[in-house]
Amino acid sequence: GSVRVIGICEPRLSQVELFEPLALELIPNPASDELEVRIKGQSDIGYVLRILTMEGKEIYRKGGKLESGTRELKLSTKQLWSGVFVVDCISGMGHISKLLVISR
């Protein structure tokens with residue numbers, strides 16, 4: 001057989017920009033009195049971190065900027081009751097949610 005090339009599509013790339021997708025870590029999970037939240041993503045991107053009840057009621061909110069691409073927050077969970085909560089992070093690079101278990 002033979003191969004016949006009809007046309008080649010080659011987009012002109014002057015700059016390829018790589019980005020790191022948004023990531024969220026909750027340490028430890030389950031938690032009791034203290035929680036470390038690690039947010040990873042593109043540097044210099046703003047974020048909003050929220051903790052919600054399973055019914056959707058917001059009980060915590062903090063905004064900031066991922067200056068070096070990573071932000072580590074230490075949160076006291078002493079005011080939270082035993083149960084399951086949603087930790088939600090929104091940035092210009094995406095949206096991610098994880099479940100947090102508070103166990104006493």
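Q: In what order do the three strands of the open sheet stand?

A: This is a predicted model. The open sheet has the strand order 1-2-5, and its pairing is antiparallel. Strand 1 and strand 5 are the edge strands, each paired with a single partner, so one side of each has no neighbour in the sheet. From one strand to the next, the twist averages 15°.

Q: How many bridges pair strand 1 with strand 2?

A: Five bridges join strand 1 and strand 2 in the antiparallel sense. Within this pairing, leucine 26 has valine 37 of strand 2 as its bridge partner.

Q: Which strands pair with strand 6?

A: Strand 3 pairs with strand 6 over seven bridges in the antiparallel sense, and tyrosine 47 stands opposite serine 91 of strand 6. Strand 7 also runs antiparallel to strand 6, with nine bridges between them. There, cysteine 89 faces isoleucine 96 of strand 7. Two residues lie between strand 6 and strand 7, which form a hairpin.

Q: Which residues touch the most other members of the largest nonpolar core?

A: That core has 19 residues, of which Leu24, Val37, Ile39, Leu49 and Leu100 touch the most other members. Strands 1, 2, 3, 5, 6 and 7 each supply at least two residues of the core. Leucine 24 has contacts that include Val37, Ile39, Leu49, Cys89 and Ile96, leaving aside residues up to four places away in sequence.

Q: How should I read the salt bridges, and what is their count?

A: Side chains of opposite charge can pair when their charged atoms come close. In this structure the count is eight salt bridges. In one of them, lysine 40 pairs with glutamate 25, with the closest N and O atoms 3.2 Å apart. Because lysine 40 lies in strand 2 and glutamate 25 in strand 1, the pair ties together parts 15 residues apart in sequence. Lysine 40 is partly exposed at 28% relative accessible area, and glutamate 25 is partly exposed at 29%.

Q: Which residue forms a salt bridge with aspartate 33?

A: The partner of aspartate 33 is arginine 104, with 3.4 Å between the closest N and O atoms. Aspartate 33 belongs to the loop between strand 1 and strand 2, and arginine 104 to the segment after strand 7, so parts 71 residues apart in sequence are tied together.

Q: Is glutamate 36 buried or exposed?

A: Glutamate 36 is buried, at 13% relative accessible area, whereas its salt-bridge partner arginine 38 is partly exposed at 25%. Shared partners join Glu36, Arg38, Glu72 and Lys74 into one network of salt bridges.

Technical notes. Residues numbered from 1 in each chain as written. Predicted model: local features only at pLDDT ≥ 70, side-chain atom pairs only at ≥ 80, totals over all residues. Heavy atoms only, no water. Core = buried A, V, L, I, M, F, W, Y, C linked by side-chain atoms within 4.5 Å. Buried < 20%, exposed > 50% of the residue type's maximum accessible area, 1.4 Å probe, protein only. Helix = DSSP H or I, 4+ residues; strand = E, 2+ residues; numbered from the N terminus. Contact = heavy atoms within 4.5 Å. Pairing = 2+ DSSP bridges. Axes fitted to C-alpha atoms, helices over the stretch in contact; angles between N-to-C directions. Salt bridge = Lys/Arg side-chain N within 4 Å of Asp/Glu carboxyl O.
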